[in-house]
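The sequence and structure are shown below.

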Amino acid sequence: MDVEALKKEAGEAACAYVRSGMNVGLGTGSTVKYTILELGRLVREEGLNIVGVPTSIATKTLATEVGIPLADLDDLSGLDVVIDGTDEFDPSFQLIKGGGAALLREKVVAQASKRMVVVADERKRVNVLGAFPLPIEVTPFSHNTTRRNIESVLGCKVVMREESGVLLQTDNGNHIADAHTGASITDPEKTETALLALAGVVQVGLFNNMCDVVVLASSTGVKILEKNV
């Protein structure tokens, strides 16, 4: 199977964790896109009754197009589950997210959810986090000063993410600094705490102690990985 087929298989399999009556966080990215498409089909064709909370403008647009009823998180008393993608996950189910530049909203929604289900293909499974550059959302104000401070904390090169030759702007009006740590983040909780102590850092793309289940598409089929508690 090619990568896109694996993403589709994992994305659709994650819908098994959604039942009528649920408030559902809708993640952002190329894999969870297939979850949203399938949930829309279930709403339209099979009467699935859910309320979705999108984690990005792009997800909101797609969910609206496929007919998923949406609400603001502030108007709900929490979420039953969030389904989202990941850029990496380690054996402890710690994640790196933010490749799609939606990490702040994704983390707000994940923290409001009783359960986090991650959809991924086998390329995202790693022993140690960090081969994928760590996304860090920073304020536009003096962003290069913040970038240099991040470099001092992590001891690695940090690059401001650009799009079409200009600094990328998130849905929240911030920028993304990508930290090229290499596969060296052995204590993601400590790393997150150190970065959040920097005034210009809005949020860090380390999702620690949030993920409960990984729906993993591999060349041998979909595997369900559950965190040991």
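## Salt bridges

E45 and R41 join their side chains in a salt bridge, with N to O at 3.1 Å; the term denotes a side-chain nitrogen of Lys or Arg within 4 Å of a carboxyl oxygen of Asp or Glu. The model is predicted: local features need pLDDT of at least 70 and side-chain atom pairs count only at pLDDT 80 or more, while totals for chains, interfaces and linings use all residues. Residues are numbered from 1 along each chain as its sequence is written, and side-chain values use heavy atoms, with hydrogens and water left out.

Both E45 and R41 belong to helix α2, 4 residues apart, about one turn of the helix; helices (H or I, at least four residues) and strands (E, at least two) are DSSP runs numbered from the N terminus. E45 is exposed at 54% relative accessible area, whereas R41 is partly exposed at 24%. Here buried means under 20% relative accessible area, exposed over 50%, and partly exposed in between (1.4 Å probe, protein chains only). A network of salt bridges links E38, R41, E45 and E46.

D80 and K114 form a salt bridge whose closest N and O atoms are 3.7 Å apart. This pair connects distant parts of the chain, 34 residues apart: D80 is in the loop between α3 and β3, and K114 in the loop between α4 (103-111) and β6.

## Helix α3

The buried residues of α3 (residues 57-66) are T59, L62, A63 and V66. Viewed down the helix axis, they fall within an arc of 100 degrees, so they line one face of α3; the arc is that of the directions from the helix axis to the C-beta atoms. Exposed residues T64 and E65 are carried on the face turned away from the buried side. The buried residues of α3 pack against β1 (23-26), α2 (32-46) and β2 (51-54), contact being defined as heavy atoms within 4.5 Å.

## Nonpolar cores

A nonpolar core is a set of buried Ala, Val, Leu, Ile, Met, Phe, Trp, Tyr and Cys residues joined through side-chain atoms within 4.5 Å. The largest has 27 residues, and those with the most contacts inside it include L39, I50 and I68. Helix α2 supplies the largest share of this core, 5 residues. L39 touches C15, V18, L26, L48, I50 and I68, leaving aside residues up to four places away in sequence. Apart from this core lies another, of 21 residues, among them V53, L79, V109 and A110.
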